[in-house]
Amino acid sequence: MLETLFCLSVGHLLPYSMSGSNTTDFTNPSTFILLGIPGLEEAHVWISIPFFTMYVTAILGNFTILFTVKTEPSLHGPMYYFLCMLAVTDLVVSTSIVPKMLAIYWINSREIDFSSCLTQLYFFHCFTVMESGIFVAMAVDRYVAICHPLRHSTILTNTVVAKIGLVVILRSGIIVLPYPFLIKQWPYCRTNIIPQPYCAHIAVVKLACADTRVSSYYGLFVVFCVMGLDAIFIAVSYTQILRAIFSLPTKDARLKTFGTCISHLCAILAFYIPSLFLSLMYRFVQNVPLHFHVLIANVYLLMPPMLNPIIYGVRTKQIRDRLLRLFTHKGT
């Protein structure tokens, strides 16, 4: 999701070239042109309908999670604090991308100035890394709750939770900070056209007419050494969790304990699996149209923000009960 959802060749862009923008050498272009979904311009209005629906669902769902946790004292615990961080992250990721995307689809507003492009790029990648870190924090919470249940409240105190949250925020902010600074130093002389509806790191780097291996290698470092290590840490945590679950004496106890992890596991799968699928598809599936890559990647961007509040709202009994009481009270 961060770096190589897809790598787009500027060779696809000749029909969209703007006079003078492809051959003039400029260190920092004043604007970039976002194409939306190349080749499907006539269908942009229709394509926008599911994206708008997914965005509204994500906004309403995540605000509902935040409101529910805030107003229900019984939900004031580590798991739900991390869930609130996840909701805020999903709101920022989707809002950093979708409004401009819809403006492209609805009113053909394709231009984005250079500084706005870098700002969008930074927030998008920063909060994506943050989301990965939050899943690690939630895995730690599940590990402590299941493997050390009697010490859960003494290990994960509010102070410890706040420190974990601060580390996750600082890590993502610092790790992604080189992205815009590296991009800003490259000269751009090929084109100012980005063949997708948002600014992403690799898509902008590919427009530079300089040796950008530093940016490319650093992007791969973020993917494999940051998010990859997060995934490994989550896998190790769940290995210990499963060992503890299978050591329980009865089947009912095992199922009940494992049930507390289902929401977290579903959210993790919604975050990591599509990214892996898109990366493998780009590398090993040939002759896939450019618009298919862009369309599928755009769907993936909105899937976790939309699904996470649904997953936790349906699967978490405390949240479900609180929402039922809220709507029942309003109904009477």
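These legends accompany close-up views of a predicted model.

**Figure 1. Overview of the protein chain.** The protein chain holds 12 helices and 3 strands. Of its 332 residues, 50% are buried.

**Figure 2. The three-stranded sheet.** The 3 strands form an open sheet in the order β2-β1-β3, and their pairing is mixed. β2 (111–113) and β3 are the edge strands, each with a single partner, so one side of each has no neighbour in the sheet. Strand β1 (residues 31–34) runs antiparallel to β2, and 3 bridges join the two. Phe 32 has Ile 112 as its bridge partner in β2. Thr 31 stands opposite Asp 113 of β2. β1 pairs with β3 in the parallel sense, over 2 bridges. There, Ile 33 has Ile 193 of β3 as its bridge partner.

**Figure 3. Helix α3 against the sheet.** Helix α3 lies across β1, β2 and β3. Its direction makes an angle of about 85° with β2. Phe 123 is a residue of this helix. With a relative accessible area of 36%, Phe 123 is partly exposed. Phe 123 and Val 93 are 30 residues apart in sequence, yet their C-alpha atoms are 7.1 Å apart in space.

Figure 4. Beyond residues up to four places away in sequence, Ile 194 touches Phe 32, Ile 33, Leu 34 and Leu 35, together with Cys 117, Cys 199, Ala 203, Val 204 and Leu 207. In soluble globular proteins, nonpolar side chains tend to be buried together.

**Figure 5. Helix α2 packed against helix α11.** The axes of α2 (residues 78–107) and α11 (residues 290–315) come within 9 Å. They cross at roughly 145°. The crossing of α2 past α11 is left-handed. On the α2 side, the contact is made by Met 79, Leu 83, Leu 86, Asp 90, Ser 94, Ile 97, Val 98, Met 101 and Tyr 105. On the α11 side, it is made by Asn 298, Leu 301, Leu 302, Pro 304, Pro 305, Asn 308 and Tyr 312. By class, the contact of α2 with α11 has 12 nonpolar, 3 polar and 1 charged residues.

**Figure 6. Asn 108 in the loop between α2 and β2.** Asn 108 is located in this loop. Its phi is near 60°. That is a positive value in a residue other than glycine.

**Figure 7. Two threonines in loops.** Thr 191 sits in the loop between α6 (178–185) and β3 (193–194). Thr 191 is buried because its relative accessible area is 5%, under the 20% cut-off. Thr 191 and Lys 206 are 15 residues apart in sequence, and their C-alpha atoms are 9.8 Å apart. Thr 212 lies in the loop between α7 (201–205) and α8 (213–246). Thr 212 is also buried, at a relative accessible area of 14%. Leaving out residues up to four places away in sequence, Thr 212 touches Trp 186 and Val 205.

**Figure 8. Tyr 238 and its surroundings.** Tyr 238 belongs to helix α8. Its relative accessibility is 7%, so Tyr 238 counts as buried. Setting aside neighbours within four places in sequence, Tyr 238 is in contact with Ala 139 and Arg 142 as well as Cys 261, His 264, Leu 265 and Ile 268. Tyr 238 and Cys 261 are 23 residues apart along the chain, and 9.2 Å separates their C-alpha atoms.

Note on methods
Residues are numbered from 1 along each chain as its sequence is written. This is a predicted model: local features need pLDDT of at least 70, side-chain atom pairs count only at pLDDT 80 or more; totals for chains, interfaces and linings use all residues. Side-chain values use heavy atoms; hydrogens and water are left out. Contact means heavy atoms within 4.5 Å. Helices (H or I, at least four residues) and strands (E, at least two) are DSSP runs, numbered from the N terminus. Buried means under 20% relative accessible area, exposed over 50%, partly exposed in between (1.4 Å probe, protein chains only). Axes are lines fitted to C-alpha atoms, for helices over the stretch in contact, and angles run from 0 to 180 degrees between N-to-C directions. A crossing is left-handed if the near helix is turned anticlockwise from the far one by less than a right angle, and right-handed if clockwise. Ala, Val, Leu, Ile, Met, Phe, Trp, Tyr, Cys and Pro count as nonpolar, Asp, Glu, Lys and Arg as charged, and the others, Gly among them, as polar. Two strands pair if DSSP finds at least two bridges between them.
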